[in-house]
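I opened this model to look up a few things in turn: some contacts, the aromatic rings, the packing of helices and the backbone angles. My notes follow in the order in which I checked them.

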Amino acid sequence: MKLSVGIITFNEEKILPVTLKAASKVADEIIIVDSNSSDKTVEIARSFGAKVYDEEWKGFGPQKNSVIDKCSGEWILLIDADEELSDDLIKRIKEIKNGTYDYSVYQINRCSICFGKELKYGGWSNQYATRLWKNGSVKVSDNLVHEEYITELEIGKIKEKIHHYSYLTLKDYFDRFNRYTTLGAEEYYRRGKKSGILKIVLNPMYKFFRMYFLRLGFLDGIEGFVIACTSSMYSMTKYFKLREMYKNGAYLENKKS
């Protein structure tokens with residue numbers, strides 16, 4: 001059966017070759033929806049034979065649905081631009097393509113690699129994410145960020161790993177930080193969620209405590225400490241930006257034009 005690999009991209013030249021090299025081993029077609037990348041993302045994608053569509057950014061959910069709509073395969077593998085299929089996962093997906101499967105929708109075991117190290121604690125390991133399904137079985141919510149995968153079918157699990165290169169360096173983290181915190185705040189604003197002193201102050205403190213202590217992030221060494229700190233900072237920044245949106249309309253100017 002034919003399998004389509006779908007990816008959304010924006011300035012992904014650093015990791016995209018790794019992603020596409022692995023994905024091309026199972027793909028019959030590769031569909032990419034790019035959001036005006038200014039680096040070599042599109043050139044790299046086309047070098048692997050991908051069909052590239054240039055579209056304005058609509059949010060993670062709508063952007064991924066646009067990819068899904070363009071996939072023609074019986075199976076769809078929708079992955080992030082920074083996710084690499086392991087050799088064992090490639091073998092398992094080929095088996096599914098050849099008819100050895102029990103489900104029409106699968107979640108895949110996603111392991112996170114941050115700052116060059118695979119994180120095994122802190123809530124970053126054994127995160128099963130919906131990635132593989134029969135065409136027509138799954139839709140993605142229209143959330144601007146932290147989109148959800150919607151299906152009425154029973155979901156199977158694939159234990160073979162997909163490697164998620166979350167952040168290559170600390171610079172890479174902060175390069176994304178401002179965009180992602182703004183998108184997260186915009187999503188909360190759209191849902192009518194409120195901010196306040198308690199969420200700005202206490203939520204980040206609890207996030208750090210949960211990741212570093214309750215979920216044993218300290219066992220990941222210095223990388224575990226840094227990711228717990230930056231994650232708590234992410235929470236603080238997102239809620240403070242949400243407060244600014246309600247207070248003076250900050251970050252919403254372009255949305256109103």
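The model is predicted, so I kept to its limits: local features need pLDDT of at least 70, side-chain atom pairs count only at pLDDT 80 or more, and totals for chains, interfaces and linings use all residues. Residues are numbered from 1 along each chain as its sequence is written, and side-chain values use heavy atoms, with hydrogens and water left out.

**Entry 1: Ile32**

Which residues does Ile32 touch, not counting residues up to four places away in sequence? I found Ile7, Thr9, Leu20, Ala45, Ala50, Lys51, Val52 and Tyr53. Ile32 itself is in strand β2, residues 29-34, where helices (H or I, at least four residues) and strands (E, at least two) are DSSP runs numbered from the N terminus. I then looked up its accessibility, taking buried as under 20% relative accessible area, exposed as over 50% and partly exposed as in between, with a 1.4 Å probe and protein chains only. Ile32 has 0% relative accessibility and so counts as buried. I also noted the C-alpha to C-alpha distance from Ile32 to Ser72, which is 13 Å in space for 40 residues in sequence.

**Entry 2: Phe115**

I placed Phe115 in the loop between β6 and β7 (117-118). Leaving out residues up to four places away in sequence, Phe115 touches Tyr167, Leu168, Thr169, Leu170, Tyr173, Glu223, Val226 and Ile227. Between Phe115 and Thr237 I noted 122 residues in sequence and 21 Å in space, C-alpha to C-alpha.

**Entry 3: aromatic rings**

For rings I used this rule: those of Phe, Tyr and Trp (its six-membered ring) pair if their centres lie within 6.5 Å, and planes under 30 degrees apart count as stacked, over 60 as edge-to-face and the rest as tilted. How many aromatic pairs does this rule give? The count comes to 20.

I looked at Trp75 and Tyr106, whose ring centres are 6.4 Å apart with planes at 35 degrees, so this pair is tilted. Because Trp75 lies in strand β4 (residues 75-78) and Tyr106 in strand β6 (residues 105-114), the pair ties together parts that are 31 residues apart in sequence. Trp75 is buried at a relative accessible area of 0%, and Tyr106 counts as buried at 2%.

Buried or exposed? Phe177 counts as buried at 11% relative accessibility, while Phe174 is partly exposed at 37%.

I also noted one aromatic cluster, formed by Phe208, Phe209, Tyr212, Phe213, Phe218 and Phe225.

**Entry 4: charges over rings**

I counted a charge as sitting over a ring if NZ of Lys or CZ of Arg is within 6 Å of the ring centre and within 35 degrees of the ring normal. The charged end of Lys70 sits over the ring of Tyr53, at 5.2 Å from its centre. Lys241 lies over the face of Tyr251, and there the distance to the ring centre is 5.4 Å.

**Entry 5: helix packing**

Axes here are lines fitted to C-alpha atoms, for helices over the stretch in contact, and angles run from 0 to 180 degrees between N-to-C directions. Angles under 35 degrees count as roughly parallel, over 145 as roughly antiparallel, 65 to 115 as roughly perpendicular and the rest as oblique.

Helix α6 (residues 197-214) and helix α7 (residues 221-248) pack with their axes 8 Å apart, at an angle of about 160 degrees, which makes α6 roughly antiparallel to α7. Residues in this contact include Phe208, Met211 and Tyr212 of α6 and Phe225, Met236 and Tyr239 of α7. For α5 and α7 I noted an angle of about 40 degrees and axes 8 Å apart, so these two helices are oblique to each other.

**Entry 6: positive phi**

Most residues other than glycine have a negative phi. His146, not a glycine, has a positive phi of about 55 degrees; it is found in the loop between β9 (139-140) and β10 (149-150) and counts as exposed at 52% relative accessibility. Tyr251 also has a positive phi, near 70 degrees. Tyr251 is in the loop between α7 and α8 (253-256) and is partly exposed, with a relative accessible area of 30%.

Key. Contact = heavy atoms within 4.5 Å.
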